[in-house]
Amino acid sequence: MSLDDALRWDGELTVTRHDRETGAFFVIRLDSTRLGPAAGGTRAAQYASFGDAVTDAGKLAGAMTLKMAVSNLPMGGGKSVIALPAPRKDLAPETWNRILTIHAENIDKLKGNYWTGPDVNTNSADMDTLNETTPYVFGRSPERGGAGSSADNTALGVFEAMKATVHYRGLGSLAGRTVLVQGLGAVGSGIATLAAAAGARILVADTDSERLAWALQLGYTIIGLDEVLRTPCDVFAPCAMGGVLDSSAAANLPASAVVGAANNILADDQAGVILRERDILYAPDFVTNAGGAFHLVGHEVLGWSTDTVEERTRGIGDTIAEVYGISESAETTTDAAARILARQRIDSASLVSTLAK
């Protein structure tokens, strides 16, 4: 995608920077601050072009706005993308440290209008490094006063959405059902573990040989990456990068439901329409993966106890059921229904704020 196309975006702010020494590009996009400071993780990855990185940041920031709103959290949506010159694992420690320091400087210049946390290829140790320069950081290690990784709580939220979806779809419980997990990172592996404990048969796909070895030890069935979208299952759980389901994939997916942790699972709006027409129940990702936001914002901003964070996370199942109800009554896709619910909550919160002034 060209940079001109990437910049045709109706969010609030885009900040970019290039570091000649490391070759890294930095993008921060604030989609909305209507409910509070924008919040969203820092994703570090390689991109085909700078325009693609800017576009990705915009899509992810928009999803964060919806996630915060539908979850009734007092923050807006934003996202950071660091376009790397090489795979994260191949960067020298001093190079990675310089990249993080520059990113922290960028965040600090926004003076609290944007907060970040871990995302793809970043973790709590990286947040500790950012925090040496800026206070606007979630997900620091517990030793540094943070809440630590949100992966377990994110997995729990997706699992609750999965249970609610299977029930709503008329499949009963997860016991005896086939769940295909694409991506065995910290969240995907957690979802597989929870679903297996609930009695599901687990199929998995990943590029990492160590993760696949772990899966084999647990008795999971390995699926080739090129077979993921052609393998029959009850629940397809995309837990890697987004854009997994375009119109073509949606038209041929042999599943009864789609419930995953990846951001922006649908590559286009028509994919959601096709899934609805085929009676495949899609759980919008910005609802299902909100457990991470509950963990970070709940613990580090709102002062919630661990029990409260868990209670709110388990409530994701109720929220997804509410989305399905709106979808049926409005005769629209579940993705559109979730956006309706999010906008209702944004407007309601904005009205309350206006009346309080």
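The points that follow concern confidence, cysteines, a pocket, backbone angles and several individual residues.

1. Confidence of the model. The structure is a predicted model. Over the protein chain the mean pLDDT is 94, and 96% of the residues reach at least 70. A segment to be set apart is residues 351-357, where pLDDT stays under 50. For this segment the model has zero contacts beyond four places in sequence. Where pLDDT is low, the predicted coordinates should not be read in detail.

2. Cysteines. The structure holds zero disulfides. C233 takes part in none, and the cysteine sulfur nearest to its own, that of C239, is 12 Å away. The cut-off for a disulfide is a pair of cysteine sulfur atoms within 2.5 Å. In general terms, a disulfide is a covalent bond between the sulfur atoms of two cysteines. As to burial, C233 has a relative accessible area of 10% and is buried; C239, at 14% relative accessibility, also counts as buried.

3. The second largest pocket. This pocket holds about 970 Å³ of space. Two or more lining residues come from each of strand 2 (25-32), helix 2 (50-70), helix 9 (269-277), helix 10 (285-288) and helix 14 (334-356). Which element gives the largest share of the lining? Helix 2 does, with 10 residues. The lining comprises 40 residues in total, and those nearest the centre of the pocket are K59, L60, N264, L266 and R339. By residue class, the lining of the second largest pocket consists of 15 charged, 14 nonpolar and 11 polar residues.

4. Positive phi angles. N264, named above among the residues nearest the pocket centre, has a positive phi of about 55° although it is not a glycine. N264 is placed in the loop between strand 11 (255-258) and helix 9. K111, likewise a residue other than glycine, has a positive phi near 50°. The loop that holds K111 runs between helix 3 (93-108) and strand 6 (114-115). K111 is exposed, its relative accessible area being 67%.

5. H103. Is H103 buried or exposed? This residue of helix 3 counts as buried because its relative accessibility is 1%, and the limit for burial is under 20%. Leaving aside neighbours within four places in sequence, H103 is in contact with F26, I28, T42, S80, I82 and L130. T133 lies 30 residues from H103 in sequence, and their C-alpha atoms are 9.4 Å apart in space.

6. N153. Helix 5 (residues 151-168) contains N153. With a relative accessible area of 12%, N153 is buried. Which residues does N153 touch, not counting those up to four places away in sequence? They are G291, G292, F294, H295, V309 and T313. The C-alpha atom of N153 is separated by 23 Å from that of D208, 55 residues apart from it along the chain.

7. S189. S189 belongs to helix 6 (residues 186-197). A relative accessible area of 17% makes S189 buried. Apart from residues up to four places away in sequence, S189 touches G183, L184 and W214. Between S189 and A155 there are 8.3 Å in space, C-alpha to C-alpha, and the two are 34 residues apart in sequence.

8. T207. Where is T207 placed? T207 is in the loop between strand 8 (201-205) and helix 7 (209-217). At 69% relative accessibility, T207 counts as exposed, the limit for that class being over 50%. T207 and L275 are 68 residues apart along the chain, with 27 Å between their C-alpha atoms.

Note on methods:
Residues are numbered from 1 along each chain as its sequence is written. This is a predicted model: local features need pLDDT of at least 70, side-chain atom pairs count only at pLDDT 80 or more; totals for chains, interfaces and linings use all residues. Side-chain values use heavy atoms; hydrogens and water are left out. Buried means under 20% relative accessible area, exposed over 50%, partly exposed in between (1.4 Å probe, protein chains only). pLDDT is the predictor's confidence in each residue, from 0 to 100. Contact means heavy atoms within 4.5 Å. On a 1 Å grid over the protein atoms alone, a cavity is a set of points where a 1.4 Å probe fits but cannot get out, and a pocket is an open set with protein on both sides within 12 Å along at least five of seven lines; lining residues have an atom within 4 Å of a point. Grid points are joined across faces, edges and corners, and a volume is the space filled by probe spheres set on the points. Helices (H or I, at least four residues) and strands (E, at least two) are DSSP runs, numbered from the N terminus. Ala, Val, Leu, Ile, Met, Phe, Trp, Tyr, Cys and Pro count as nonpolar, Asp, Glu, Lys and Arg as charged, and the others, Gly among them, as polar.
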